[in-house]
Amino acid sequence: MRAVEFQEYGGPEVLRVVQIAAPEPGPGQVAVDAVWAGVNFADVKARAEGYRVASLPYRPGLEVSGRIRAVGEGVEGLRVGQEVAALVDDGGYAEVVLAEAARVFPLPDGLDLRTAATLPTVLPTAHALVHEVGRLRAGESVLVHGAAGGVGTAVGQLARAAGAGAVYGVASSDTKADYARKHGYDEVFRPDTFETDVREATGGRGVDLVLDPVGGDTLRRGLEALAVFGRLVSFGNASGAEPWGVGQGELYAQGRSVAGFSVLGLAQSAPDALRALTERALRSVCDGAVALPVTAEFPLSDVAAAHQLLGGRTSTGKLLLRITD
């Protein structure tokens with residue numbers, strides 16, 4: 001079968017399509033004949049700087065959709081031929097993908113394979129940011145960094161469906177800002193002035209919830225955009241900055257709080273919670289609350305072009321690899 005791997009860190013050119021033997025599922029595992037694979041910024045960071053890479057060569061890819069090829073010993077509730085989406089630790093850019101059964105999700109009626117490939121990382125993340133971790137209440141305001149990305153696109157719609165009083169975004173260009181406004185955002189600010197813009201837009205009050213995948217100085221500045229009793233949720237470190245700590249001095253005076261979320265971390269530590277979260281999130285798609293546009297797709301053989309586009313920080317929405325025709 002075909003799979004994508006890299007043997008050294010670097011630009012998109014280090015990605016190679018190789019021929020390897022198709023894997024067989026072990027106990028508690030499922031083998032999926034992949035049709036589509038999602039492309040995520042975590043894949044770009046893995047290739048460029050070794051993010052989450054234990055050793056080389058490494059095969060990237062965190063989410064796929066397709067049909068079950070085989071099930072391992074002890075797997076229940078899943079059958080050969082069933083259409084599914086799956087969240088994996090790695091190896092998603094391949095014609096056959098191994099996944100832990102707890103992270104394989106049968107598709108509900110009406111959800112096609114192409115759409116399903118956009119969901120395993122993005123949609124549970126967005127749902128958790130709005131509901132389980134962010135705990136957004138009707139009438140509250142939210143500020144979302146990366147508003148035009150995959151998670152940002154879903155968050156804008158989920159926040160609107162939850163009855164948010166105002167949904168503000170942060171995006172780096174006019175094109176991205178226009179895109180975000182079509183997916184639930186009232187106003188979109190630039191990264192270098194967002195905290196000042198938020199204060200102006202809210203009459204000096206600030207927002208109730210800030211959602212930040214950037215980290216570093218952006219995360220620190222996000223505290224300044226919070227209202228009294230405001231909440232900040234960190235869900236990434238796209239800046240690559242060193243982690244920093246927040247303590248009593250920043251939080252006590254106005255009752256602010258800071259939380260974090262990682263869908264991959266939850267998959268490792270609490271797979272049952274991940275499954276329940278994903279099932280709730282998938283219902284929001286079936287109910288029409290969320291639509292996640294695919295803005296670009298590439299054949300597996302053109303994986304370098306997909307990474308080039310995503311790594312250039314100009315893309316919006318979701319990027320996919322077409323594994324099979």
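Biologist: Why is Tyr58 called buried?
Modeller: Tyr58 has a relative accessibility of 7%, and buried means under 20% relative accessible area, exposed over 50% and partly exposed in between, with a 1.4 Å probe and protein chains only. At 7%, Tyr58 therefore counts as buried. This is a predicted model, in which local features need pLDDT of at least 70, side-chain atom pairs count only at pLDDT 80 or more, and totals for chains, interfaces and linings use all residues. Residues are numbered from 1 along each chain as its sequence is written, and side-chain values use heavy atoms, without hydrogens and water.

Biologist: What makes Phe6 and Tyr58 an aromatic pair, and why is the pair called tilted?
Modeller: The ring centres of Phe6 and Tyr58 are 5.5 Å apart, with 50° between the planes. Rings of Phe, Tyr and Trp (its six-membered ring) pair if their centres lie within 6.5 Å; planes under 30 degrees apart are stacked, over 60 edge-to-face, the rest tilted. The pair of Phe6 and Tyr58 is therefore tilted. Phe6 lies in the loop between strand S1 (2–5) and strand S2 (16–19), and Tyr58 in the loop between helix H1 (41–49) and strand S4 (63–71), so the pair ties together parts that are 52 residues apart in sequence. Helices (H or I, at least four residues) and strands (E, at least two) are DSSP runs numbered from the N terminus.

Biologist: Which residues do ring pairs link into a cluster with Phe6?
Modeller: Ring pairs link Phe6, Tyr9 and Tyr58. The structure holds three aromatic pairs. Phe6 has a relative accessibility of 0%, so Phe6 counts as buried.

Biologist: How do you know that the charged end of Lys45 sits over the ring of Tyr51?
Modeller: The charged end of Lys45 is 4.9 Å from the centre of the Tyr51 ring. The rule asks for NZ of Lys or CZ of Arg within 6 Å of the ring centre and within 35 degrees of the ring normal. The charged end of Arg114 likewise sits over the ring of Trp36, at 5.7 Å from its centre.

Biologist: Why is the contact between Arg2 and Glu95 called a salt bridge?
Modeller: The N to O distance between the side chains of Arg2 and Glu95 is 3.0 Å, and a salt bridge is a side-chain nitrogen of Lys or Arg within 4 Å of a carboxyl oxygen of Asp or Glu. Arg2, at 24% relative accessibility, counts as partly exposed, and Glu95 is partly exposed at 22%.

Biologist: What parts of the chain does the salt bridge of Glu132 and Arg280 link?
Modeller: The closest N and O atoms of Glu132 and Arg280 are 2.9 Å apart. Glu132 is in helix H3 (residues 122–132) and Arg280 in helix H10 (residues 271–286), distant parts that are 148 residues apart. Glu132 is partly exposed at 28% relative accessibility, and Arg280 is partly exposed at 32%.

Biologist: How many salt bridges does this rule give?
Modeller: The count comes to 20 salt bridges. Another of them joins Arg322 and Glu297 at 3.0 Å, N to O. Arg322 is in strand S15 (residues 318–322) and Glu297 in strand S14 (residues 294–299), 25 residues apart. Salt bridges also link Arg52, Asp89 and Arg103 in a network.

Biologist: Which residues line the largest cavity?
Modeller: Its lining consists of Ala42, Asp43, Ala46, Tyr51, Arg52, Tyr58, Gly61 and Leu62. On a 1 Å grid over the protein atoms alone, a cavity is a set of points where a 1.4 Å probe fits but cannot get out; a pocket is an open set with protein on both sides within 12 Å along at least five of seven lines; lining residues have an atom within 4 Å of a point. The largest cavity holds about 40 Å³ of space, a volume being the space filled by probe spheres set on the points, which are joined across faces, edges and corners.

Biologist: How much space lies in the largest pocket?
Modeller: The largest pocket holds about 1300 Å³. Of its 44 lining residues, Phe41, Val151, Pro213, Phe235 and Ala238 are the closest to the centre. H1, H3, helix H4 (150–161), helix H9 (263–269) and S15 each supply at least two residues of this lining.
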